[in-house]
Amino acid sequence: MSGPTQDSGPTQEAPIVDSSAHPVPLRPSNERASSTDALTGSGISVPNGPQVTEIPPATGENGRAPHDVVEVLPDLRARDTFDAEIPDESPHDRNESDNSSPGAAGGTEHAQAVAGVEAAIKTLPPVAKTSAQQYVFSTWEKFGWLSSIFLAGGLVVLLAAIGFLAFLWFGNWSNHTWNNIATQNWFTRAVSLSALAVRNAVSLQAGVATSMLASVALEQMEVHILSAASISGMRNATSGPYFFTWSMLTAAWKRGNFRQRMLIPILAAVLTITTVLVQFTSTALLADLSPGLIPSSSRNYTAATNFVYINGTDGGQYIPVVPRGTSWKTKAPFYPAFAEYHEDVDDSTQQDGISDTGFTLRAFLPLQDQQARSNIRSYNGIATVLDSRVVCMPPNMTNHSLHLIEDTMALGGQVTAASNTTNLFFESGNGAESNQTWESRTPAQFKCVLPLALSPTSLQDWRLSICQPTTTTGYLANAFNSMSFFNSWSMYIVVNISRGGLIDWLSGVTPESGDQHSDLFGPGNRPLFFSNHNEWQDLLFTSNGSLRLSTTLCFTAFETADLAIEAIGNENRTEPIPEYDSEKQIYQYGRIREQLGQPANLAPLFSESDSERGILQLKKRDSWLPGPGDYHFDGIASERTSFALDFANMFGPVQGFVEQPVIGGIDSPCTAILYGGQRDSGSWTGLTSFRADPSLTALVQEILQQGGSIAFALQSILTTLAGIAYYDQLQQFNGVGTVAQSDFILVTVPHSYRGFIAVVSVVVAHLLLLAVILWLFLARTTVSSLGNSWQTVAQLQGDELRDLIAQSSLRTDSQVEKRMLGSGLRRRFVGIRLSDDRKKAEVVPSF
């Protein structure tokens with residue numbers, strides 16, 4: 001690069017005239033032609049673009065030009081600005097000017113040229129005032145592309161993240177996308193990523209908001225002189241509002257007028273709080289998540305669902321049932337969840353004195369595992385459906401009498417149903433009716449054993465015996481329109497010793513004569529009176545009613561069929577078990593009663609929902625009659641009778657070539673004793689009786705003592721007996737079918753809204769605060785723009801900071817602060833304003 005050339009004489013470089021001494025007015029672009037013409041008319045060449053016009057200097061007395069002028073004319077095509085851009089001359093250009101200077105002889109021409117320029121400028125019209133005089137930068141220039149991306153993009157990210165989180169929190173398993181996220185265990189990852197997006201968006205926007213607040217603070221003269229450099233730099237880049245907030249709060253403290261100038265410190269403090277709080281987004285959201293169960297997608301599989309007949313070696317057909325004894329004497333290993341369809345009795349058909357459980361179907365699912373039954377959501381396939389409807393009424397007894405041997409009584413006679421129950425007993429759930437009437441039926445023979453001696457734990461119990469006759473006077477039509485080979489299994493006589501203790505009965509009735517008897521004989525003791533109340537008929541053996549037996553006749557629709565069903569559960573369930581009461585020192589069956597339909601709060605039967613009872617809903621079919629794909633036992637022979645019904649036989653099952661466990665076989669009357677009665681060993685060897693399993697006895701006693709009906713108690717017995725037999729034989733099933741099943745699976749999903757609400761509240765507060773700061777920035781700043789590093793440095797010029805900047809290049813902030821304290825600048829506040837000539841911004845003191 002060539003340096004300046006020197007003359008042989010004592011010449012000196014001509015100075016550059018400051019543009020502020022000769023301001024060049026700015027004109028709108030539509031006035032460009034006239035301006036150019038004006039200058040051209042003065043003899044000055046003006047090409048397109050900025051032009052440096054060199055005027056030959058005039059030579060004064062000392063050989064130097066009195067005033068050399070190098071004037072820069074702005075490009076009139078450029079946008080309007082307040083500050084004309086003045087390019088520096090290169091040393092080369094200046095040297096050329098010096099070398100070509102004509103000396104003192106050209107002074108007259110120089111003066112004439114300057115006068116011509118001044119005259120041309122004076123002829124230009126005045127510049128009209130525009131909005132640019134109030135706002136130096138356009139809105140886009142004030143923000144720049146990076147800040148605009150942070151603001152607009154951050155808003156989109158926040159809205160998308162909050163919307164997605166709302167979908168996760170308020171969605172449920174019925175939405176396919178929500179279900180996939182949950183079942184794939186993506187909830188934690190989805191929440192963490194959403195929280196990360198929220199944190200980053202808020203942090204970036206908080207940085208832009210800090211830059212805007214810094215601009216407002218500078219232009220509102222609220223910056224302490226010590227913080228002017230750092231706060232000015234924040235308009236270009238900042239890591240957050242933390243240092244700015246500290247600077248503004250300490251400045252407000254130093255200034256002392258808290259109430260008058262606290263807007264910016266308060267906004268900065270709130271911005272800091274929201275920025276800090278949003279860092280805990282993940283913690284707050286994840287705190288709402290906890291393990292929970294939701295339904296999985298349905299899956300298909302093949303399983304053994306029921307029994308089917310196989311050919312025997314003798315040419316007959318059998319089912320591969322495992323021989324067992326009667327279920328009445330078997331303890332229930334568990335109380336399985338079942339699916340139920342129930343219809344209450346129509347009030348218009350309900351008759352007085354009739355206790356009816358209503359049409360009740362219960363389906364046992366072929367799931368051996370208790371956890372599988374607890375977590376099942378839906379089941380579509382073959383299942384064994386039990387018709388468990390029970391109807392009880394006062395019996396119509398004839399030739400009945402009471403017999404006594406030692407401390408054991410027996411009631412025998414004949415029984416028929418009341419004639420006014422014809423319609424009730426020949427209706428079923430599918431509308432099937434019988435063509436017979438009660439009057440045409442022969443009475444059924446019955447004999448019931450009634451022990452008087454009690455165990456100490458049974459003093460408060462119902463002294464209840466359930467008798468199974470060998471013949472029946474009718475049956476309750478079932479939903480499957482089938483009739484069992486053993487009709488007597490569907491009719492029961494229930495007798496309760498309602499009045500009189502052991503001594504009272506021994507002294508009040510005549511005992512049988514002789515020591516041993518195989519059957520009832522002699523006239524016995526006829527009741528003196530009888531009376532009906534509800535489903536019971538009381539037999540009074542004394543005039544004052546001190547010796548009383550209460551009897552009822554119950555018919556059941558006890559039958560099963562293997563049907564294609566659909567069962568649905570709204571939530572998972574826990575199968576109930578007896579719970580020990582340490583105060584009473586007995587096991588309580590409250591949860592089991594609730595599962596069977598008796599609420600714990602003495603509410604009406606079946607008044608609780610399926611979910612409250614812990615069972616599934618059995619969807620109603622168009623018809624419960626077995627159709628294609630279904631299977632049921634026709635009952636035309638003992639070996640073709642439902643195995644569940646067979647095992648509920650008091651005599652013991654007759655299928656599977658089982659040796660009869662009781663004397664007298666299936667032709668012998670049998671009594672199940674459901675209290676702590678002790679039968680005398682020498683009484684009527686031809687009458688079969690046994691004490692039911694204690695768990696079954698305890699369940700029935702609790703049902704009755706809690707206000708349940710005898711019909712409901714008997715229905716509960718039959719459901720329990722059928723469940724025992726079903727799951728005992730489940731592994732023997734040989735009928736294979738396809739099952740569609742969905743389960744409740746354990747996943748991590750929201751179970752609380754506190755964290756979500758907290759996060760949304762912080763984000764909303766952040767956005768509202770950002771809107772306020774944005775308005776302040778647009779309304780109260782003139783010379784500030786974001787993301788311009790040179791601007792933030794250049795605007796620190798001014799008398800207030802000139803000396804301070806010049807002397808601080810090698811000093812720390814603490815050293816600068818000490819110098820300020822020494823010079824009395826401790827309480828000096830500054831800001832940024834346009835200069836008087838409106839061509840630059842500079843630091844000025846606040847007054």
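**Aromatic pairs and exposure**

Trainee: Why is Trp 505 called buried?

Mentor: Trp 505 has a relative accessible area of 0%, and buried means under 20%, exposed over 50% and partly exposed in between, with a 1.4 Å probe and protein chains only, so Trp 505 counts as buried. This is a predicted model, in which local features need pLDDT of at least 70 and side-chain atom pairs count only at pLDDT 80 or more, while totals for chains, interfaces and linings use all residues. Residues are numbered from 1 along each chain as its sequence is written, and side-chain values use heavy atoms, leaving out hydrogens and water.

Trainee: What makes the pair of Trp 505 and Phe 541 edge-to-face?

Mentor: Rings of Phe, Tyr and Trp (its six-membered ring) pair if their centres lie within 6.5 Å, and planes under 30 degrees apart count as stacked, over 60 as edge-to-face and the rest as tilted. The centres of Trp 505 and Phe 541 are 5.8 Å apart and their planes are at 65°, so the pair is edge-to-face.

Trainee: What makes the pair of Trp 462 and Trp 536 tilted?

Mentor: Their rings are 6.1 Å apart centre to centre, with 50° between the planes, and the pair is therefore tilted.

Trainee: How do you know that Trp 140 is exposed?

Mentor: Trp 140, in helix α4 (residues 139-170), has a relative accessible area of 55%, so it is exposed.

How values were computed:
Helix = DSSP H or I, 4+ residues; strand = E, 2+ residues; numbered from the N terminus.
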